[in-house]
Amino acid sequence: MQSVVIIGAGRVAWNLVPAIAESGYRILTVYSLHEESCRQLGEKYGVPYTNDKHRIPPADLYICSVKDDAITDAVGGMDFGNGILVHTAGSVDMEILKPFAGKYGVLYPLQSFSKQRRVDFSTLPFYVEACNEECLAELSGFARKLGSRVYPCNSVQRKKLHIAAVFASNFVNHMYALADKILTEEGLDFSELLPLIDETAAKVHSVRPQAAQTGPAVRHDAKILSSHIQCLDGYGKEIYTLVSKSIQDLQNEKFQGTTKTNQGLGF
C-alpha cells in the first residue's frame, strides 16, 4: 500500500493529511465537494486537490472522513477499482461501504480533532475493521506506520467506544463550558480551574475513574448538595441533580453490587 486518496476536508482530514505524508505514503489528491475547503487543505500541505470526483485517480487506499450522514453521498459514483475504501466514523457500521467497493473497512482514530491543533498520532489508538483478513492486515500495517497503536474492533464494539468517548470528551467539555458560564457570571476566571482539571485528568492515568471520584455527591453531603442546587437554575440545576445521583448510584453499585434506584440525594 503506497498511494492514498482523502475524501473530505474537515477536521479529521486536516490531521490525517500531514501524518500520512510524513509517514512516506503518497497522497494523490484530497477531494471535497466544497472547493474552498479542499483548496485550503491542499495548499496548506502541498498536496493535489479537487472538487470533481471524476478526477480522482486510482489509489491503494481511499479514506472517507466526512460527516456520518454524508458518507454514502461522498463515495457514491466513484470507481474504487482494487483499492480499499474505508471510513473513519465511530458509530457507522462498516457494511455501509459494501455497495460501493469490493474491498472496504474502517480506520477509526479515537481522538478529538481540530484544524488549529495537530494531533500526535503516536499517542492515539486506531480501531480497525475490514471485510476480510487480508484487508485487515493492510489497514493495520498502514495505521502502525503512522505511529499509532492498532486494535481490531467490530462495528458493535466501535459504537460503544464512540459512546464512551462522547462521555469522556464531549460531555466533559460541556461541563467545562457550564463551569466557565458560572464563573463568568460572578466575574471570575475559568483559568483558575485549570490546575484542578489537569490533576483530575492526570489521576485517571493511574487510578480507575470511579476510585478517583471526589466531591459532595460521593460523600453524600446532603447540605452542600442542596445549597449548590439552590444556587442554580434551568439546565444547570437539572444536570447537577442528575449527575450527583448518577455518582451515588454508581458508588452503590460498586460497593453493594446493585444500584439503589430509589435512593434520593438526601435533601
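Two strands pair if DSSP finds at least two bridges between them, and strands (E, at least two residues) and helices (H or I, at least four) are DSSP runs numbered from the N terminus. With that in hand, welcome to a predicted model, in which local features need pLDDT of at least 70, side-chain atom pairs count only at pLDDT 80 or more, and totals for chains, interfaces and linings use all residues. Residues are numbered from 1 along each chain as its sequence is written, and side-chain values use heavy atoms, with hydrogens and water left out.

- Strand β7 covers residues 125-130, and six of its six residues are buried, so the strand is largely enclosed by the rest of the structure. Here buried means under 20% relative accessible area, exposed means over 50%, and partly exposed lies in between (1.4 Å probe, protein chains only).
- In a regular strand the side chains alternate between the two faces of the sheet.
- Both faces of β7 are covered, with P125, Y127 and E129 buried on one side and F126, V128 and A130 buried on the other.
- Strand β6 (residues 103-109) runs antiparallel to β7, and five bridges hold the pairing; P109 has F126 of β7 as its bridge partner.
- Strand β8 (residues 149-152) is parallel to β7 and joined to it by four bridges; V128 has P152 of β8 as its bridge partner.
- From β7 the chain passes through helix α4 (residues 133-145) to β8 in a right-handed β-α-β crossover. Right-handed means that, with the strands pointing away from the viewer, the path from the first strand over the helix to the second runs clockwise.

**Salt bridges**

- The structure holds six salt bridges, each defined as a side-chain nitrogen of Lys or Arg within 4 Å of a carboxyl oxygen of Asp or Glu.
- R158 and E129 form one of them, with their closest N and O atoms 2.8 Å apart. This pair links distant parts of the chain, since R158 sits in helix α5 and E129 in strand β7, 29 residues apart. Both R158 and E129 are buried.
- E36 and R39 form another, at 2.4 Å from N to O. They are three residues apart in helix α2 (residues 35-45), and so separated by about one helical turn. E36 is partly exposed at 42% relative accessibility, and R39 is partly exposed at 26%.
- K245 and D249 also meet in a salt bridge, at 2.8 Å from N to O. Both lie in helix α8 (residues 234-256), four residues apart, about one turn of the helix. K245 is partly exposed at 25% relative accessibility, whereas D249 is buried at 13%.
- Salt bridges that share partners join E36, R39 and E43 into one network.

- Most residues other than glycine have a negative phi.
- H220 has a positive phi of about 55° although it is not a glycine. This residue is in the loop between α6 (194-203) and α7 (222-230), and H220 is partly exposed at 34% relative accessibility.

**A record annotation**

- UniProt lists residues 4-78 as "domain: Pyrroline-5-carboxylate reductase catalytic N-terminal" in an unreviewed entry; such annotations may be inferred rather than shown by experiment.
- Over residues 4-78 the chain is 37% helix and 21% strand, with the end C-alpha atoms 15 Å apart.
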